[in-house]
Amino acid sequence: MKNIKGYSLVFSQFFLILIMLLPLGTPTSNFYLGLPIIIIGLLIGALALYANRFFNIRPDIKESASLVTTGIYSYIRHPMYSAVLMVMLGVTLLYPQTFILVSYALLLIILVIKLSYEESLWKEQGSEYLEYMKTTKRLVPFIF
């Protein structure tokens, strides 16, 4: 059951991202606002990959994985989700169309469900994650 849930969340995430990328190549709006947000999102993603050698696209925890609490992970628990949301916010600003705004809202919901599921799995691993949760936020440092 865990694998089905993990795979379906990843599929939903990538499906929404694909929908949001459909207008690529068409004229953009808010170029000077959207592009820097995309770049910041890519930087956050790069920092997360650098700090976490156990990276897994699915929320299921690999057997060999251990909790990463250094680097960008010392500020937020899910920097890859933050990176995806930042990049896709930039895309939303570049192509502010109704279906993209709706897709972004759905993507946000899917990623919150995905990170909640992932956190429930980490909590099952022991108290280390519960302690980590006390010092970090989920997606936005000091806020959420």
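Trainee: Where does Ser29 sit, going by the helices?

Mentor: Quick caveats: this is a predicted model, where local features need pLDDT of at least 70, side-chain atom pairs count only at pLDDT 80 or more, and totals for chains, interfaces and linings use all residues. Residues are numbered from 1 along each chain as its sequence is written, and side-chain values use heavy atoms, with hydrogens and water left out. Helices here are DSSP runs of H or I with at least four residues, numbered from the N terminus. On that basis, Ser29 belongs to the loop between α1 and α2 (31–51).

Trainee: Is Ser82 buried or exposed?

Mentor: Ser82 is part of helix α3 (residues 79–94). With a 1.4 Å probe and protein chains only, buried means under 20% relative accessible area, exposed over 50%, and partly exposed in between. Ser82 comes in at 7% relative accessibility, so it counts as buried.

Trainee: Which backbone oxygen does the side chain of Ser82 reach?

Mentor: Contact means heavy atoms within 4.5 Å. Setting aside neighbours within four places in sequence, Ser82 is in contact with Ile44, Ile76 and Leu139. Its side chain reaches, at 2.6 Å, the backbone oxygen of Leu139.

Conventions
Helix = DSSP H or I, 4+ residues; strand = E, 2+ residues; numbered from the N terminus. Polar contact = N/O pair within 3.5 Å; in protein donor to acceptor, adjacent residues only side chain to side chain.
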